[in-house]
Amino acid sequence: RDKDIFRMAVAFQMTWPGAPTIYYGDEAGVCGWTDPESRRTYPWGRENKELIEFYKQAIKFHKKYDVLKTGSYTTMNVDSGALSFGRFNEKSAMVTAVNTTDEPKEMYIPVSKLGVKGNEYAKLVETGQEYYDIKLSSKDADKVHVNDEGWLVVTIPAKGTAVFKKK
C-alpha cells in the first residue's frame, strides 16, 4: 500500500473542518475498494505499527490546537495537483498545504488572507515519500517567513503535506 497517500490523507483530515473520522482498521492500514474487497478484517498481529503511531501523533496534534476544532476555514491556493487552506480565529492561524504530484512543488500561499498579524510561521507537520515529522510545539519547528508581499513561499514534498502555524 502507498503509505505516503495514507499519511497525506490523515494530515488533511486532521486539519480540515469537522470531526475527523477513523473507520475500523484505518489506523492499521486496512483498506479496500469494491466487493468482495470493500473491507477486509482487522489484521490482528499484522498491524502496520508505523501507521498506528502516525495516527496517534496526528490525533494528539489535532486535539492540541483549538483552531483546528473551531477555527474558520478559507481556501488559500488551488493549483494543478496542489491545494492549501487556512484555519484561523482571532488568536491563531494554521495553513495546510497538500501536494498530490510525484515531484516537490513550490507553493505561494497568500497568508495575509487569514487576517492574523505577523510574518513568521512554524512548520509543525511534514509528510512525504517514506517519512513524516509531527511537532507538537512551535519551539521545536522550522521557521518560515512571509515575504514582503504577504506570501508564504514553501516547497511541499512529492505526495506530501505540510502544516504551518502562525507564531
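Reader: Before we discuss the cavity lining, what counts as a helix here?
Author: Helices are DSSP runs of H or I with at least four residues, numbered from the N terminus. The model under discussion is predicted.

Reader: Which helix gives the most to the lining of the largest cavity?
Author: That is H1, with three residues in the lining. Helix H1 (3-15) and helix H2 (49-64) each supply at least two lining residues.

Reader: Which residues line the largest cavity?
Author: The lining consists of Ala11, Met14, Thr15, Ala58, Phe61, Val125, Ile134 and Val163. By class, seven of these are nonpolar, one is polar and none is charged.

Reader: What is the volume of that largest cavity?
Author: Its volume is about 40 Å³. The count of cavities of 30 Å³ or more comes to one.

Reader: Turning to pockets, how much space lies in the largest one?
Author: The largest pocket holds about 200 Å³ of space. It is lined by 14 residues, and those closest to its centre are Ala28, Gly29, Val30, Cys31 and Pro43.

Reader: And what is the make-up of the pocket lining by class?
Author: The lining of the largest pocket has six nonpolar, three polar and five charged residues.

Reader: Is Glu90 buried or exposed, and why?
Author: Glu90 counts as exposed because its relative accessible area is 69%, and the cut-off for exposed is over 50%.

Reader: What separates Glu90 from Tyr131?
Author: Their C-alpha atoms are separated by 33 Å, and the two residues are 41 residues apart along the chain.

Key:
Residues are numbered from 1 along each chain as its sequence is written. This is a predicted model: local features need pLDDT of at least 70, side-chain atom pairs count only at pLDDT 80 or more; totals for chains, interfaces and linings use all residues. Side-chain values use heavy atoms; hydrogens and water are left out. On a 1 Å grid over the protein atoms alone, a cavity is a set of points where a 1.4 Å probe fits but cannot get out, and a pocket is an open set with protein on both sides within 12 Å along at least five of seven lines; lining residues have an atom within 4 Å of a point. Grid points are joined across faces, edges and corners, and a volume is the space filled by probe spheres set on the points. Ala, Val, Leu, Ile, Met, Phe, Trp, Tyr, Cys and Pro count as nonpolar, Asp, Glu, Lys and Arg as charged, and the others, Gly among them, as polar. Buried means under 20% relative accessible area, exposed over 50%, partly exposed in between (1.4 Å probe, protein chains only).
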